[in-house]
Amino acid sequence: MAARRPGFSPLAARWQRTRKALHRARTSMRRSAVDYFRGGTSDWFAFVTLLLAIVLLTAATVQLPLWSAPEALVLPIIAGGLLLRPSNLIALYAAGAVALVVESSVLGPFEDGAGRVTPGTVLVVAAAGLSGLLVAQFRSRVGVPWRRGGTMLFDLRERIRVQSKLPKLPPGWHREMALRPAGGQSFSGDFVVAARTGPGNRILELVLTDVSGKGMDAGSRALLLSGAFGGLLGSLPPHAFLPAANGYLLRQDWQEGFATSVHLVLDLDSGDYELFSAGHVPALHRTAGTGTWEEKAGDGPLLGVYDGAQFDPVKGTLRNGDVLMLFTDGLVETAERELSDGMDRLTGAADRYVAPGFHGAAWHLIESVARDVNDDRALLLLRRD
């Protein structure tokens, strides 16, 4: 017979087992609640809650007909269309139909002979139910719960924003970026990926890309490409980046599978840079000594058009006070305005920011040059102080 430990008793053992069982029950309930609000697969909690809401609304209509109308049943029915899967939604609609029958039989006619539950009431509730069923079927086909759909879109937008964040530069350099999606939307077909590479992180690599399409139409492709380009940046020699990006885009086999891109490789010690272009609009380099703007355009085709494309860079040097601007075509080219006119307008507006050192200029330049343009606009500015 095994010896008992000092202080051990059957009552204490029973209490320990009870505590463990209560702890497991609390943990299970907590996980169920967290899974529901995170968008889990179970919707039993919402289903039971909406059933109780129908019962309470029916009782309120029977007891207080002047304060609660039968049409109030559309509230849980609409909520069910947003929260429940189609099978549970049909059960909820059946409960709503039973509630209408109960209200009609209990309340009876008014003094004028009109029934409390009129044909118009039935039509309103049925229309709400049909709309909810269509929404539920769409959610079921997409596979995203309604309570998580908005959170997912917010997360995607923030991921694009984080990937487009420019790295910190050493003293003597100023950089800023502004991006304005078409139509004031949250998603854009323009994006930036950047990283400091090379020995001692003295090389700055920037890639500004304009995906075909605009706004929400191009947002999903821009998210996919920004992740892929961010992985390629710094992992390949600069001259191999655009060929690898072109091959990746070709493998996607999209119907609108092209994009323009410009790849800047800048030595932060010397100011020397190479600019690779894939069908992108030219960059602008302002020389502080002369105060003139020079177009800088590499040679290369659009990304995603054909395999084996070559991309030849153009070289330059940023000296003290020089400015380099990279931007997308939505900033300088529209159906009513030629590219050359847009470039002249941009350089004229940019000259006003020479005295303040171009601080805060990126956002203001988009506002002044292309505020009402229905296209994605992005501007990236580098200045050597």
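Start by selecting residues 44-63, helix H2, together with residues 74-83, helix H3: the two pack at an angle of about 170°, with their axes 10 Å apart. Axes here are lines fitted to C-alpha atoms, for helices over the stretch in contact, and angles run from 0 to 180 degrees between N-to-C directions. Helices (H or I, at least four residues) and strands (E, at least two) are DSSP runs, numbered from the N terminus. The angle makes H2 roughly antiparallel to H3; angles under 35 degrees count as roughly parallel, over 145 as roughly antiparallel, 65 to 115 as roughly perpendicular and the rest as oblique.

Before moving on, note that this is a predicted model, in which local features need pLDDT of at least 70 and side-chain atom pairs count only at pLDDT 80 or more, while totals for chains, interfaces and linings use all residues. Residues are numbered from 1 along each chain as its sequence is written, and side-chain values use heavy atoms, with hydrogens and water left out.

H2 contributes Ala 46, Leu 50, Ala 53, Ile 54 and Leu 57, and H3 contributes Pro 76, Ala 79, Gly 80 and Leu 83. By class, the contact residues are 8 nonpolar, 1 polar and no charged. In this scheme Ala, Val, Leu, Ile, Met, Phe, Trp, Tyr, Cys and Pro count as nonpolar, Asp, Glu, Lys and Arg as charged, and the others, Gly among them, as polar.

Next, the sheet. Select its 5 strands, which form an open sheet in the order E2-E3-E4-E5-E8 with antiparallel pairing. Two strands pair if DSSP finds at least two bridges between them. At the edges are E2 (190-197) and E8, each pairing on one side only. From one strand to the next, the twist averages 15°.

Zoom in on E5, residues 272-278. How much of this strand is buried? The count is 5 of its 7 residues, so E5 is largely enclosed by the rest of the structure; buried means under 20% relative accessible area, exposed over 50%, partly exposed in between (1.4 Å probe, protein chains only). On one pairing, E5 meets E4 (residues 259-267) in the antiparallel sense over 5 bridges, and Leu 266 stands opposite Tyr 273. E4 and E5 form a hairpin with 4 residues between them, and Gly 271 in the turn has a positive phi of about 85°. E5 also pairs with E8 (residues 314-317), again antiparallel, over 4 bridges; here Glu 274 has Lys 315 as its bridge partner.

H8 lies across E3 (203-211), E4 and E5, running at about 160° to E4.

Two loops deserve a backbone check. Asn 201, in the loop between E2 and E3, has a phi near 55°, a positive value in a residue other than glycine. Asn 201 is partly exposed, at 41% relative accessible area. Then pick Asp 253, in the loop between H8 and E4. Its phi is also near 55° and positive in a residue other than glycine, and Asp 253 counts as exposed at 67% relative accessibility.

Color the aromatic side chains next. How many aromatic pairs does a search of the whole structure find? The search finds 3; rings of Phe, Tyr and Trp (its six-membered ring) pair if their centres lie within 6.5 Å, and planes under 30 degrees apart count as stacked, over 60 as edge-to-face and the rest as tilted. Trp 44 and Phe 45 make an edge-to-face pair, 5.9 Å centre to centre with 90° between the planes. Phe 45 is partly exposed, at 40% relative accessibility. The rings of Phe 229 and Phe 241 have centres 5.7 Å apart and planes at 75°, so this pair is edge-to-face. It links distant parts of the chain, with Phe 229 in helix H7 (residues 216-232) and Phe 241 in H8, 12 residues apart. Phe 229 is buried at 0% relative accessibility, and Phe 241 is buried at 1%.

For the last stop, select helix H10, residues 361-370: 7 of its 10 residues are buried, so H10 is largely enclosed by the rest of the structure. Among those buried are Leu 365, Ile 366 and Glu 367. Their cover includes strands E1 (173-180), E9 (323-327) and E10 (377-384), as well as helix H9 (339-350).

Key
Contact = heavy atoms within 4.5 Å.
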